[in-house]
Amino acid sequence: SSGPTKGKVELLESARMLKERDFTIYATGGTHHFFKENGIETEQVCWPDEDNADINTLDLIKNRKVEMVINIPKDHTTREISNGYNIRRNAIDFNIPLITNARVASAFIYAICKLDLENIAIKAWNEYK
């Protein structure tokens, strides 16, 4: 769930990079439609409060079908706050990395897509200054 339009725009290139590397992107309704309009394929999932859903966000999290959750609040409506809280709370409870800021999400995705493990030096904590 990528929040308001600004967040969606900020994540477009990151989503393209993930798709180029054959990642599956699950997206709630608004994000799914925005990405689709911009040529990015996603699997649409439903909010936690939608019982009739084929694929519910909480089911994906609880069944560990996702490796990372990006949840950026869109507005301050009761439904948005409740659903967002449930998604974020479950991501933490099920030990799935959670990002709640579009700029941070974009930077993280860029890093994992552009850097190879061979190019990352592993150092002991005391070597960082």
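**Ground rules.** I worked on a predicted model, where local features need pLDDT of at least 70, side-chain atom pairs count only at pLDDT 80 or more, and totals for chains, interfaces and linings use all residues. I numbered residues from 1 along each chain as its sequence is written, and side-chain values use heavy atoms, with hydrogens and water left out.

**Entry 1, salt bridges.** I took a salt bridge as a side-chain nitrogen of Lys or Arg within 4 Å of a carboxyl oxygen of Asp or Glu. The count by this rule is six salt bridges.

I found a salt bridge between Arg16 and Glu13, with 3.9 Å between the closest N and O atoms. Both residues sit in helix α1 (residues 5-20), and because they are three residues apart there, about one helical turn separates them. Helices are DSSP runs (H or I, at least four residues), as are strands (E, at least two), numbered from the N terminus. For accessibility I used these classes: buried is under 20% relative accessible area, exposed is over 50%, and partly exposed is in between (1.4 Å probe, protein chains only). Arg16 is partly exposed at 32%, and Glu13 is partly exposed at 45%.

I noted a salt bridge from Glu20 to Arg21, the closest N and O atoms lying 3.6 Å apart. Glu20 is exposed, with 59% relative accessibility, whereas Arg21 is partly exposed at 32%.

I read an N to O distance of 2.8 Å for the salt bridge between the side chains of Asp49 and Arg79. Asp49 is in the loop between β2 (43-44) and α3 (57-62) and Arg79 is in helix α4 (residues 78-93), so this pair ties together parts 30 residues apart in sequence. Asp49 is partly exposed at 39% relative accessibility, and Arg79 is partly exposed at 42%. Salt bridges with shared partners join Asp49, Glu50 and Arg79 into one network.

I found a nonpolar surface patch made of Leu115, Leu117, Ile120 and Ile122, with about 470 Å² of accessible area together. Patch residues have over 30% relative accessible area and no salt bridge; like charges are joined within 9 Å, and nonpolar side chains (Val, Leu, Ile, Met, Phe, Trp, Tyr) within 5 Å. Accessible areas come from the Shrake-Rupley method with a 1.4 Å probe, and for residues only the protein chains shown count as cover. I placed Ile122 in the segment after α5 (102-114). Ile122 is exposed, at 79% relative accessibility.
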